[in-house]
Amino acid sequence: MSSSTSVTAEPRVTNAQRTLEQRFANPVLRWLLTSPFHRLASRWFVLVSYVGPKSGRRYTFPVAYARDGMDLVVVTPKADSNWWKNFRSPTTCRLWYRGARRAAVGDVAEDESARQLLSTYTSTLPFAARSLGISADSANDGATPEDAAHETLAVVRFSLG
């Protein structure tokens, strides 16, 4: 992307959108990604499942991903989600990836690694980049998607086991 890219810092998800996501979209994607029909969505979505370190509760939810070699890259707005905080240090988890449950280790990427992974993610998934507020505009404010990784977006790398 060019240097005329802008990224908004405010939350992007309304309460109505969050409710629709939690009550309809996430359950449907969870079912679909673990079913024989997973091919309908597994090209773009993966299920992340981990145990919260404080609660001991298992959390499982779908996220859009991009491939980076043998790793999967997931990007989420820091202001709209908290799950990524559980991966600030390498954390074991399970992924439902392309119809199979796989062991993985997730870790929040920092610095240059986050910039490179965000670039991979946005070039692979332009629809996801737009939903994250990453878009080219006419104003040249100098912000790039790679710069935004540190400010507004959490970039999580999942290494498959």
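1. Of the 161 residues in this chain, 42% count as buried, where buried means under 20% relative accessible area, exposed over 50%, and partly exposed in between, with a 1.4 Å probe and protein chains only. The chain exposes about 8,800 Å², of which carbon and sulfur atoms supply 53%; these accessible areas come from the Shrake-Rupley method with a 1.4 Å probe, and for residues only the protein chains shown count as cover.

2. The model is a predicted one, in which local features need pLDDT of at least 70 and side-chain atom pairs count only at pLDDT 80 or more, while totals for chains, interfaces and linings use all residues. Residues are numbered from 1 along each chain as its sequence is written, and side-chain values use heavy atoms, with hydrogens and water left out.

3. On confidence, the chain averages a pLDDT of 83, and 81% of the residues score at least 70, pLDDT being the predictor's confidence in each residue, from 0 to 100. Over residues 1-11 pLDDT stays under 50, and for this stretch the model has 36 contacts beyond four places in sequence, a contact meaning heavy atoms within 4.5 Å.

4. The secondary structure comes to 4 helices and 9 strands, which follow one another from the N terminus as β-α-β-β-β-β-β-β-α-α-β-α-β. Helices (H or I, at least four residues) and strands (E, at least two) are DSSP runs, numbered from the N terminus. Among the contacts with a separation of 6 or more, 65% are between residues 24 or more positions apart.

5. Seven strands form an open sheet in the order S3-S2-S6-S7-S9-S5-S4, with antiparallel pairing; two strands pair if DSSP finds at least two bridges between them. Its edge strands, each pairing on one side only, are S3 (58-64) and S4 (66-68). Neighbouring strands of the sheet are turned by 35° against each other on average, direction ignored, with axes taken as lines fitted to C-alpha atoms, for helices over the stretch in contact, and angles running from 0 to 180 degrees between N-to-C directions.

6. Strand S2 (residues 45-51) is joined to S3 by 7 bridges, and phenylalanine 45 stands opposite alanine 64 in S3. Towards S6, S2 has 3 bridges, again antiparallel, and here leucine 47 has tryptophan 96 as its bridge partner.

7. In a regular strand the side chains alternate between the two faces of the sheet. The hairpin of S6 and S7 has 2 residues between the strands, and arginine 98 takes a positive phi near 55° in it.

8. Proline 90 is found in the loop between S5 and S6 and counts as exposed because its relative accessibility is 58%. Leaving aside residues up to four places away in sequence, proline 90 touches Val105, Gly106 and Asp107.

9. Helix H2 (residues 111-124) lies across S3, S4, S5 (71-77) and S9 (153-160), running at about 130° to S4. Its buried residues are Ala114, Leu117, Leu118, Thr120, Tyr121 and Thr122. At 1.5 Å a residue, the 14 residues of H2 should span 20 Å, which agrees with the 20 Å between its end C-alpha atoms; the expected span is 1.5 Å times one less than the number of residues.
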